[in-house]
Amino acid sequence: MTTAIFLTAFSTQLIRSLIGWPGLISILAGLIICALASLWYRRAHLEWHGTLPISVIVFVGWAVLSIFWTDTTIATGMRLVYMLGFGFLGFYVAVLRDTIQIVRAAGDALRILLVVSLVLEVFAGVLIDQPIAFLRMQGNIADLGPIQGVFGTRNQLGFIAVIALITFAVEMATNSVPRRVGRWSLLIAAACLLLSRSPVAIGVVAVVVAAALALFAVRRARAASRWIWQLVILAGIAVTGVLIWVAQSRVIDMLNAGSEFEVRYRLWRSMTAYASPNNLQGWGWVGTWPDTVPYLWMNLATGRDNSTGLNAYLDVWFQLGIVGFFAFVALIGLALVRSWLLASDKRSLVYVWPALILVALATVSLAESSALFESGWMLLVICSVKASRSMSWRDALPKRDPVPLEPAPK
C-alpha cells in the first residue's frame, strides 16, 4: 500500500500522460478509500494524541478558507480536494509506517521510476532518435542531456533524483538493502541527476551535502556540547543569509548569466507587480495556475506559460497572502527544526532521512513550487507528522495507551 502511494505520487505526470486526469483521480480515490479502510480497522490500536501538527492544520485550514474570497471558487474547491487527497495519503503513511519502512517503500518506488525513465530516454534518444511528445520527453540522452524522464521537466527529474540519492544513501547506511542494490541505486540516481542538467537540482544537492556534513558533525560530537555545534551552524546560516542579502545585486548579476534564473526573476517581479490588493489573504488557493486572471497577466508579462510561480514561498504569498506565507514558513520551519534535533540526538541513522528531505524541500522551494503539490506536498506532510509525533509540546498532555493487537487465533 505504501509503495503504491509513493509510485502514484511520484509518477503523476506519467499517469496523466497515459490515461489522463480521470485515470489519475480514479487511482487517487482508490488509494484514499483503501487508506480509510486501513485506518478504520486499526483505529483502536493507534495513538492519535498530537498526531497531526498544528502548523499543518493552520496552513491547510487557511487554504480551505480562501474559497470564500477567491474569484475562482469552483477551481479552488476542486484543487483543494486534490491537495487534501495527497495530504491525507501522507498522513496515512506517516501514522501507520515506521520511518525505515517509509524509506524502503520510497526507495522501491524511486528505483522503478528512475529505471523506467532511463530506459525510455534510451529508447527515444538512441533507438528511434526522436522525442516522445505525449511524455514531454525530448530524447536528448545521446547528447548527454538534458533529459526529463517520466517527470515532464528536467528540474522535476533532478529534484526526484535528489530525493532518491538521500533515500538510497539512508537505505545503505541502515543496511536495509543489499550492498549491490544500494550501489546500483545510487549510480542510477546520480546519472539521472547529471543527465537532467538541472541547475536547480545541482544547487539543492550542494545544500543537502553541506547539511549532511553539518548534521554528522553534530552527531559525532559529545551530547553535552551538541548545543554549541547547533548554535555555530545557526550562526553560519544567519551570516550567509546576511551576506547574500547585502550583496544581492552582485548575486543577481552572477545568476543572470544564465537564462534559467532570468526567467524566474522576471516572473517574480511580475508576481510582485500583480499582487492581490489585499495582501493579507491573497487571491485564493488554486495550486497550479489556471488560465485565468491574474495568472494570465503574468504569463503575458514573461512571454512564457508558467504553471507555478517557480518559488513555493512567493506562490503561497501570492495565493494565500501574508497569513498563508507565515503559516507555510512555520510549517516547514517547525518540521525542519524538529527533524534536525531528532537526527542530531537519535542514534539510528534513519532519523537523518526526514531532516535531509526537509532541507531539500526548503531549498528547492526557492526556485520551484514542488513542495506545494503532489509528491512534494505528501513528503512535507509525512516528515512533518513524523517529527511532530516524536517531538511535540503536546507530549506533556495526558494521553491514553493504544489497545494492543490481539494475537491471531491458533
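Being four residues apart in helix α4 (residues 73–96), Tyr82 and Phe86 are separated by about one helical turn; helices here are DSSP runs of H or I with at least four residues, numbered from the N terminus. This is a predicted model, in which local features need pLDDT of at least 70 and side-chain atom pairs count only at pLDDT 80 or more, while totals for chains, interfaces and linings use all residues. Residues are numbered from 1 along each chain as its sequence is written, and side-chain values use heavy atoms, with hydrogens and water left out.

**Aromatic rings**

Rings of Phe, Tyr and Trp (its six-membered ring) pair if their centres lie within 6.5 Å, and planes under 30 degrees apart count as stacked, over 60 as edge-to-face and the rest as tilted. By this rule the model has 13 aromatic pairs. In one of them, the ring centres of Tyr82 and Phe86 are 5.1 Å apart and the planes stand at 85 degrees, so this pair is edge-to-face. Tyr82 counts as buried at 16% relative accessibility, where buried means under 20% relative accessible area, exposed over 50% and partly exposed in between (1.4 Å probe, protein chains only). Phe86 is buried as well, with a relative accessible area of 1%.

The rings of Tyr295 and Phe318 are also edge-to-face, because their centres lie 5.7 Å apart with the planes at 65 degrees. This pair links distant parts of the chain, since Tyr295 belongs to helix α12 (residues 295–302) and Phe318, 23 residues away, to helix α13 (residues 312–345). Both Tyr295 and Phe318 are buried.

Which residues are linked into a cluster by ring pairs? They are Phe59, Trp285, Tyr313, Phe328 and Trp377. Phe59 lies in helix α3 (residues 54–65) and is buried, with a relative accessible area of 0%. Although Phe59 and Phe328 are 269 residues apart along the chain, their C-alpha atoms are separated by 6.1 Å. Leaving aside residues up to four places away in sequence, Phe59 touches several residues, among them Met83, Leu331 and Trp377, contact being heavy atoms within 4.5 Å.

Two rings have a charge over them, which requires NZ of Lys or CZ of Arg within 6 Å of the ring centre and within 35 degrees of the ring normal. The charged end of Arg16 sits over the ring of Trp21, 4.8 Å from its centre, and that of Arg43 over the ring of Trp40, 4.0 Å from its centre.

**Helix packing**

The table uses axes fitted as lines to C-alpha atoms over the stretch in contact, with angles from 0 to 180 degrees between N-to-C directions.

| Helices | Angle | Axis separation |
|---|---|---|
| α4 and α15 (residues 374–390) | about 40 degrees | 8 Å |
| α5 (residues 99–127) and α7 (residues 179–196) | about 50 degrees | 10 Å |

Angles under 35 degrees count as roughly parallel, over 145 as roughly antiparallel, 65 to 115 as roughly perpendicular and the rest as oblique. Therefore α4 and α15 are oblique to each other, and α5 and α7 are oblique too. The contact between α4 and α15 includes Tyr82 and Phe86 of α4 and Trp377 of α15.

**Backbone angles**

Most residues other than glycine have a negative phi. Glu374, however, has a positive phi near 50 degrees; Glu374 lies in helix α15 and counts as buried at 16% relative accessibility. Arg136 also has a positive phi, near 60 degrees, and is found in the loop between α5 and α6 (154–173).

Notes. Helices (H or I, at least four residues) and strands (E, at least two) are DSSP runs, numbered from the N terminus.
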